[in-house]
Amino acid sequence: MNHNSIRIIDNLAEITSYHDRHVLEKSLLKTLNELFPSQDLRLFRVRENSGAHELSLLAFCVNGVIVSSDENPRLMTEQSDLSETIFKAIKNADVELTSTENGKWNVVYPAFDANGVIFAVLLISTDLVPSNGDQRLIYGILRVYSNYLALIEKTQKDKLTGLFNRETLDNEITKILVRQGSHFSEQLTSPNDSRRRTFAVKYWLGVIDIDNFKTINDNFGHLYGDEVIILVARLMKSGVIRDDDLVYRYGGEEFVVVLKAPDEEDAMRTFERIREMVAAHDFPQINQVTISIGFVEVFAQPSPSDVIGEADEALYYAKGNGRNQVHSYSRLLREGKVKPVSQVVHGDIELF
Ligand SMILES: Nc1nc2c(ncn2[C@@H]2O[C@H](COP(=O)(O)OP(=O)(O)OP(=O)(O)O)[C@@H](O)[C@H]2O)c(=O)[nH]1
């Protein structure tokens, strides 16, 4: 076995040693950068939306420095000046090469999922046209990435709805708390640096519960209840939230949405949109199904369960005040309608 093969095996082992999608993507670019140094690499997610393909930048590697959308969510909204080449590769479902004015080459490799659908593309800017051997190697590495990603996703998804499951949610909240905590301390050490403040993205977590679901089950049967859960999940995923916002099935008829929004009003509008969309949907047989939502900013809470607890408090308020409504935990606190969660135990027993 030559030196290069050992390096490739080492790198493949490295790629498959992580169970986190973002780390996996960074590790993919690290591997490719080690095998093909001094090339710029960009990994895009490809989504089909009403027949059109949408691109979002997942990670890039320039001069050996790797940045992922996990650390810098703004990447996702960056437009690529190379869209035309990328769309050509998607259309032909094959590698696409274009030369640039400064004598470089842009090479686009599509990555396919188990159904043969292109879910990502890798763009390499290079001085030399890759040899057939290099192209096969890159394709092979992309296949390892695709297969492994599918495996990770399978363990992270709920079987009934295909949404992320509860176990995945805890990890996501922890990551956001750590990230937001470090932004916060940066702001404290440099309070006048307006660039930092505008850069900070705010995350909002909403707990969403189908109203009177027991009655739906009782009147129409459990199977039909499952159908309602699937339809509500589908509605939430169908364009009402942004591509990179996340939806989880948290419990039986309970969901969690984690979304980015600049402020409370904006988050409120998005959650209202979700509520309205479900209320306006014509469900077969029962016609109308409503949901109640409580939400909170994921920011400085001590743990994921504290975040959920606060959003749950706002949800509890919505349920007690007529259902089919959205409430912000912070707003309820400001208005004196709820007490801080750490002081409340439902059933009217107070800890403090
Ligand atoms: N069909 C189906 N039912 C479920 C599932 N998980 C939980 N349930 C049922 O969902 C119902 C939830 O009822 P409750 O928590 O009492 O609340 P609700 O009737 O929705 O009333 P409110 O939440 O107060 O509006 C229970 O009857 C559960 O058995 C599931 O996966 N499928």
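**Exercise 1.** Determine which strands helix 4 lies across.

*Solution.* Helix 4 covers residues 132-156. It lies across strand 5 and strand 6, with contact meaning C-beta atoms, placed from the backbone, within 7 Å. It runs at about 35 degrees to strand 5. Axes are lines fitted to C-alpha atoms, for helices over the stretch in contact, and angles run from 0 to 180 degrees between N-to-C directions. Helices (H or I, at least four residues) and strands (E, at least two) are DSSP runs, numbered from the N terminus.

The model is predicted: local features need pLDDT of at least 70, side-chain atom pairs count only at pLDDT 80 or more, and totals for chains, interfaces and linings use all residues. Residues are numbered from 1 along each chain as its sequence is written.

**Exercise 2.** Give the strand order of the open sheet and find its edges.

*Solution.* The order is 3-2-1-6-5-4, with antiparallel pairing. Strands pair if DSSP finds at least two bridges between them. Strand 3 (65-68) and strand 4 (96-99) are the edges, each pairing on one side only. Strand 1 (residues 40-49) and strand 6 (residues 118-126) share six bridges. Leu41 stands opposite Ile124 in strand 6.

**Exercise 3.** Classify the crossing of helix 7 and helix 8.

*Solution.* Take helix 7 (residues 213-220) and helix 8 (residues 222-237): their axes come within 7 Å and cross at roughly 135 degrees. Therefore helix 7 is oblique to helix 8; angles under 35 degrees count as roughly parallel, over 145 as roughly antiparallel, 65 to 115 as roughly perpendicular and the rest as oblique. Phe213, Ile216, Asn217 and Phe220 of helix 7 meet His222, Tyr224, Gly225 and Val228 of helix 8.

Definitions and conventions:
Two residues are in contact if their C-beta atoms, placed from the backbone, lie within 7 Å.
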